[in-house]
Amino acid sequence: MAGAQQNTGRLQGKVALLTGAASGIGKATALRFAEEGAKVALSDIEPEKGAALVAEMTAAGHDAFYQDLDVTNPQEWQQVVDAVSHRWGKLDILVNSAGIGRAKGLLDMTYDFWQNTMRINMDGTFLGTQAAVDRMKDGDGGSIINISSVLGISGMTNLTAYCASKGAVRLFSKAAAIECAEKGYKVRVNSVHPGYIETPMVMRRFDKIATNDREAEETRLKQSHPLGRLGKATEIADMILYLASDEAAFVTGAEFVIDGGYLAR
Ligand code: NAI
């Protein structure tokens, strides 16, 4: 049946930690994971939204908690990973979804702006991967899914910092995957590359555009995807679910594009 979610316990017994879980792709993935039987630790820098999501998930009978985690802070990473281990005794899945996507022309960009984008999108992914691999390597292993972008593969005007950070996430994931495999850590690392997805990140972009130009920009953005629309966060969550599950046991160091054909042109 088209569009129907089949909940078949694909993550039954697994423990997942997600960053950027209060919004957009992270939130949709947290909900999808819980539906498939995972215990879910949500992290973000949005405690009110995080608490509301935990309340929603708990009311639906899921096991979940929220903890603040600024992904650029190594101490907070340790605290969150410790909290997950303390509560559930292990960590099987990490999804690095926290990210920012601010636009700025190459010549208008301050060094601070550049570094902030790199710190959150790239350094945050490194810190999380390092903390998680350290926790996963001695147990049953695990799966790390890093959210890059189509803009980690192709470039875009006014998004040099974002493209650089997402390109770095792509190759970092491959190198980490190889290292984990060669060192016998049993940790898989993959990257996911969404096209433009209907989330607050993209909607904020429209908010900045004058009302009469907004429709034209939305049409232009939709048409940049051959399927003629933006993606849905749940469509990315379904790919992340596959990579997190044992169905992807032979999948590591790979990149998964879900973009309505954006990169096919
Ligand atoms: P979103 O803006 O809805 O959610 C991002 C979340 O990250 C927010 O809840 C925010 O509070 C959190 N965050 C920001 N800085 C943080 C920090 N320092 N520490 C911890 N959390 C932080 O955005 P969306 O669309 O869900 O994006 C998720 C990921 O997907 C991002 O990495 C983004 O770059 C990527 N992506 C999004 C696309 C889109 O079209 N929406 C397309 C391709 C990639």
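Author: In this predicted model, Val202, Arg205, Phe206 and Asp207 of helix H6 meet Arg214, Glu217, Glu218, Arg220 and Leu221 of helix H7 (contact: heavy atoms within 4.5 Å; helices: DSSP runs of H or I, at least four residues, numbered from the N terminus). By class, this contact of H6 with H7 holds 3 nonpolar, no polar and 6 charged residues (charged: Asp, Glu, Lys and Arg; nonpolar: Ala, Val, Leu, Ile, Met, Phe, Trp, Tyr, Cys and Pro; polar: the others, Gly among them). H6 spans residues 200-207 and H7 residues 211-223; their axes lie 9 Å apart, at an angle of about 140° (axes: lines fitted to C-alpha atoms over the stretch in contact; angles: 0 to 180 degrees between N-to-C directions). H6 is therefore oblique to H7 (roughly parallel: under 35 degrees; roughly antiparallel: over 145; roughly perpendicular: 65 to 115; oblique: the rest).

Helix H1 (residues 24-35) packs with helix H2 (residues 47-59) at about 20°, the axes being 11 Å apart. H1 is therefore roughly parallel to H2, and their crossing is right-handed (the near helix is turned clockwise from the far one by less than a right angle). On the H1 side, Lys27, Ala30, Leu31 and Ala34 make the contact, and on the H2 side Leu53, Glu56 and Met57. These divide into 5 nonpolar, no polar and 2 charged residues.

A further pair is formed by helix H4 (residues 111-136) and helix H5 (residues 160-182), whose axes come within 9 Å and cross at roughly 15°. That angle makes H4 roughly parallel to H5, and the crossing of H4 and H5 is again right-handed. Among the H4 residues in this contact are Phe113, Trp114, Met118, Met122 and Phe126, while H5 contributes residues including Tyr162, Lys166, Val169, Phe172 and Cys180. The contact of H4 with H5 comprises 14 nonpolar, 6 polar and 1 charged residues.

Numbering runs from 1 along each chain as its sequence is written. Local features need pLDDT of at least 70 and side-chain atom pairs 80 or more, totals for chains, interfaces and linings use all residues, and side-chain values use heavy atoms, without hydrogens and water.

How values were computed. Helix = DSSP H or I, 4+ residues; strand = E, 2+ residues; numbered from the N terminus.
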